[in-house]
Amino acid sequence: MDWAFVHKIWEKWISSNVGSGQPLKSALLLNYDPNGPSRLISTIAEQEGIKGDPTEMCELVSFVKRNKLQTESFFIGQNQYLVTTIHESWFSARCMSTSKPAGEGAILMHTGAFLLIGLYDGSIGSACRAMVALDQFAWQLSRRNH
């Protein structure tokens, strides 16, 4: 993977999708290639709006690898999430420990050699906007691989 290309599209993408008034409050890009070298499995490639903990990310990657999405929960920071929707290359989850009236959620998308994580505030409308934002990044990343 061309890291310069990934960084370039990440920087462009976060400027219009992550932060105050944007669909996502934070995003993480983790190396995630189950067929790749194990030293890359939980490396945080990029992050915005959150300071990811490498140990915590290892646990998140293990959660994804176990593929027991419907029977387990996972943590990002202090928040615990429960998976609500599962699709072929992505799943969404609601925060079970939020104090925000509108709620919080996460969308995790496997794209190429990465696991893209978007965190958002709000309900289903917010989740839809977050999914569109994540899909834009995945599409830009996939263009490079074709």
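Tutor: A residue counts as buried when its relative accessible area is under 20%, as exposed when it is over 50%, and as partly exposed in between, using a 1.4 Å probe and protein chains only. For example, Asp-135 is partly exposed, because its relative accessible area is 43%. The model is predicted, so local features need pLDDT of at least 70 and side-chain atom pairs count only at pLDDT 80 or more, while totals for chains, interfaces and linings use all residues. Residues are numbered from 1 along each chain as its sequence is written, and side-chain values use heavy atoms, with hydrogens and water left out.

Helices (H or I, at least four residues) and strands (E, at least two) are DSSP runs, numbered from the N terminus. Two strands pair if DSSP finds at least two bridges between them. Strands of a sheet pair through backbone hydrogen bonds, either parallel or antiparallel. Axes are lines fitted to C-alpha atoms, for helices over the stretch in contact, and angles between N-to-C directions run from 0 to 180 degrees. Contact means heavy atoms within 4.5 Å.

Seven strands make up an open sheet with antiparallel pairing, in the order β2-β1-β7-β6-β5-β4-β3. At the edges are β2 (44-48) and β3, each of which pairs on one side only. On average, neighbouring strands of this sheet are turned by 25° against each other, direction ignored.

Strand β3 covers residues 73-76; Phe-74 and Ile-76 are on its covered face, whereas Ser-73 and Phe-75 are on the uncovered one. Its antiparallel neighbour is β4 (residues 79-86), and four bridges join the two strands. Phe-74 has Tyr-81 as its bridge partner in β4, and Phe-75 has Gln-80. The two strands form a hairpin with two residues between them, and Gly-77 in the turn has a positive phi of about 65°.

The next neighbour of β4 is β5 (residues 90-95), also antiparallel, with five bridges between them. A hairpin of three residues connects β4 to β5. Across this pair, Leu-82 stands opposite Arg-94 and Tyr-81 stands opposite Cys-95.

Helix α1 (residues 3-17) packs on the sheet, where it touches β1 (26-31), β2 and β7 (114-121), and its direction makes about 15° with that of β2. Helix α2 (residues 54-66) lies across β1, β2, β3, β4, β5, β6 (104-111) and β7, running at about 155° to β3.

The expected span of a helix is 1.5 Å times one less than its number of residues. The arc is that of the directions from the helix axis to the C-beta atoms.

Take α2 first. Its 13 residues reach 18 Å from first C-alpha to last, close to the 18 Å expected. Glu-56, Met-57, Leu-60, Val-61, Phe-63 and Val-64 are buried in α2. Seen down the axis, these buried residues fall within an arc of 155°, so they line one face of α2. Pro-54 and Glu-59, on the other side of α2, are exposed. Just after α2, Asn-67 takes a positive phi of about 55°.

Now α1. Its 15 residues reach 20 Å from first C-alpha to last, close to the 21 Å expected. The buried residues in α1 are Phe-5, Val-6, Ile-9, Trp-10, Trp-13, Ile-14 and Asn-17. Seen down the axis of α1, they fall within an arc of 150°, so they line one face of the helix. On the other side of α1, Ala-4, Lys-8, Lys-12 and Ser-15 are exposed.

Pro-34 lies in the loop between β1 and β2, and is partly exposed, with a relative accessible area of 44%. The C-alpha atoms of Pro-34 and Gln-47 are separated by 21 Å, and the two residues are 13 residues apart along the chain.
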